[in-house]
Amino acid sequence: MYEARSTLLTGTDIVVVDEGHSLKNEESRQTKALNRLATPRRLVLTGTPMQNRLSELYTLMEFVAPGALGTRKGFVAHFEDSLRAATADNATHEQAHQARLRTHALNEQLREHMHRVDDSVLQSLSLIHISEPTRLGMI
């Protein structure tokens, strides 16, 4: 048991997490345990990188590329709060403009780490046949 735990914490080359949206809660035991793994390569497979809050995306990115989006506090202040303000009923044109600029900036930051694909990638490899459209997302 000790050897397996030691290997996971210090000697794993890659970690692949399927259903990665389950990591969106930074306080969950699963997220905390996976974040302890000392591995140079981390891959998350998910169809829904975020559902309700942009901070969910931050948590996934913190697992895949720690520090790539800065601190949580800075990320929330710069991106999430700005976008929330821009979608309010009383949002100004300036808030909407700033939100568009920040959305573009965030997409640029994510480009290196997030790759969105659909099922056509799998079908092109002739690995499986999917009868109804499915969206797959990879970070």
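Is E80 buried or exposed? With a relative accessibility of 8%, E80 counts as buried. Keep in mind as you read that this is a predicted model. Let us start with the rings, then move on to charges and finally to a pair of helices.

## Aromatic rings

A pair of aromatic rings is described by the distance of the centres and the angle of the planes. Searching the whole structure turns up 2 aromatic pairs. In one of them, the ring centres of Y58 and F75 are 5.1 Å apart and the planes meet at 40 degrees, so this pair is tilted.

Y58 belongs to helix α3, which covers residues 54–64, while F75 belongs to helix α4, which covers residues 72–86. They are 17 residues apart, and their pairing links distant parts of the chain. Y58 and F75 are both buried.

F75 has another partner, F79. Their rings also make a tilted pair, with 5.2 Å from centre to centre and 45 degrees between the planes. Here both residues sit in helix α4, 4 residues apart, which is about one turn of the helix. What is the relative accessible area of F75? The value is 1%, so F75 is buried. F79 has a relative accessible area of 6%, so F79 is buried too. Taken together, Y58, F75 and F79 form one aromatic cluster.

## Charged partners

Side chains of opposite charge can pair when their charged atoms come close. How many salt bridges does the count come to? The count comes to 5 salt bridges, and the table shows some of them.

| Salt bridge | N to O distance |
|---|---|
| K32 and E27 | 3.3 Å |
| R84 and E80 | 3.5 Å |
| E108 and R111 | 2.4 Å |

How exposed are these partners? K32 has a relative accessibility of 44% and so counts as partly exposed, whereas E27, at 51%, is exposed. E108 is partly exposed, with a relative accessible area of 38%, and R111 is exposed, with 53%.

This brings us back to E80. R84 and E80 are 4 residues apart in helix α4, so about one helical turn separates them. E80 and R84 also belong to one network with D81, joined by salt bridges that share partners.

## Two helices side by side

Two packed helices are described by the angle between their axes and the distance between the axes. Helix α4 packs with helix α5, which covers residues 93–110. Their axes lie 9 Å apart, at an angle of about 135 degrees. The two helices are therefore oblique to each other. The crossing of α4 and α5 is left-handed.

Which residues of α4 make the contact? They are F75, A77, H78, F79, S82, L83, A85 and A86. On the α5 side, the contact residues include Q95, A96, Q98, A99 and R102. Look again at F75 and F79: they form an aromatic pair with each other, and they also take part in the contact with α5.

Key: Residues numbered from 1 in each chain as written. Predicted model: local features only at pLDDT ≥ 70, side-chain atom pairs only at ≥ 80, totals over all residues. Heavy atoms only, no water. Phe/Tyr/Trp six-rings, centres within 6.5 Å; stacked < 30°, edge-to-face > 60°. Buried < 20%, exposed > 50% of the residue type's maximum accessible area, 1.4 Å probe, protein only. Salt bridge = Lys/Arg side-chain N within 4 Å of Asp/Glu carboxyl O. Axes fitted to C-alpha atoms, helices over the stretch in contact; angles between N-to-C directions. Parallel < 35°, antiparallel > 145°, perpendicular 65-115°, else oblique. Left-handed = near helix turned anticlockwise from the far one by under 90°. Contact = heavy atoms within 4.5 Å.
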